[in-house]
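Here are my notes for you to read alongside the model. Have the 3D view open as you go.

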2 protein chains.
Amino acid sequence: MQPKDLAKDTAKILQNYLTYQAVMLVIEQLVETNPGEAIWLRQYSSGGKLRNGEAYIEEIMSEPKGKELALRIMTVRDSIAEKTLEFLPEMVSTGIKQANLSHRCHLLERLTQSQTETSSSSIDSSVSELDTEESSD
Amino acid sequence: MQPKDLAKDTAKILQNYLTYQAVMLVIEQLVETNPGEAIWLRQYSSGGKLRNGEAYIEEIMSEPKGKELALRIMTVRDSIAEKTLEFLPEMVSTGIKQANLSHRCHLLERLTQSQTETSSSSIDSSVSELDTEESSD
């Protein structure tokens, strides 16, 4: 896959995730102001509907009480995007570099341990060989 | 949820997705160079293991043939991150704004249509009322 296609796919995943976050935030706000609508929206948004954010918004707009909710979700998602997107490249890049470093350290520790174990077990066997030789003398 | 927590959660989702992309890319490369290993890695990576990228890497490193694959996956993911991350904020922000505009247009179309239908049906009923009045004259 080309870097351009990778970026497109990643952007789509991100857009879907921000839509999911917006819906969760609207539900959270509704719990305070309109509990009945919060329950309705939570039930409506279950069952994997939010995997495709745009189809979800298109669908909820056709519900009698969905128009205002859809407009609100879109506004909230735009606002979340503005507040978070600019920090993501740095955060993810640092996250990946740190995680890679930590995994490499674990791998090195494991390899060193197994080498130490191998060499100590070969020392043990040499010692026991020596013992056998000495006792047979 | 605070914007900082939202950004953290989103960064985690993104890091997992880039790990998934890296694994898919390594499988794609292995199909050409080492089909047996490609099949092994595809089978190993199934069943939702890739939902948590860091746990996946930690786990595959403990497999006999997993060490080199883990190192390769980490290198590929770092490279994908470098190539795509900087473009994401602009892509996602534009994507969301365009999608919001398109949804709002659809909603407006729908509202205008239903208003037109209402007014045309009221004209129809007025006409039929007139007809009735005329015929009763």
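Which side chain does the side chain of His103(B) make a polar contact with?

1. It's the side chain of Glu54(A), at 2.7 Å. (A polar contact is a pair of N or O atoms within 3.5 Å; within protein, one must be able to donate a hydrogen and the other to accept it, and residues adjacent in sequence count only if both atoms are side-chain atoms.)

2. A quick word on ground rules: this is a predicted model, where local features need pLDDT of at least 70, side-chain atom pairs count only at pLDDT 80 or more, and totals for chains, interfaces and linings use all residues. Residues are numbered from 1 along each chain as its sequence is written, chains are lettered from A in the order in which they are written, and side-chain values use heavy atoms, with hydrogens and water left out.

3. Back to His103(B): look for it in helix H5 of chain B, residues 88-136. (Helices are DSSP runs of H or I, at least four residues, numbered from the N terminus.) His103(B) has a relative accessible area of 4%, so it counts as buried (under 20%, with a 1.4 Å probe, protein chains only). Beyond four places in sequence, its contacts (heavy atoms within 4.5 Å) include Ile57(A), Met61(A) and Arg77(A).

4. Now the two chains together. A rotation of 180° with 0.0 Å of shift along its axis puts chain A on chain B, RMSD 0.0 Å (least squares on the C-alpha atoms of residues with pLDDT of at least 70 in both). That's the relation of a two-fold axis. In chain A, Leu14(A) has the C-alpha nearest the axis, 3.6 Å away.

Technical notes. Helices (H or I, at least four residues) and strands (E, at least two) are DSSP runs, numbered from the N terminus. Buried means under 20% relative accessible area, exposed over 50%, partly exposed in between (1.4 Å probe, protein chains only).
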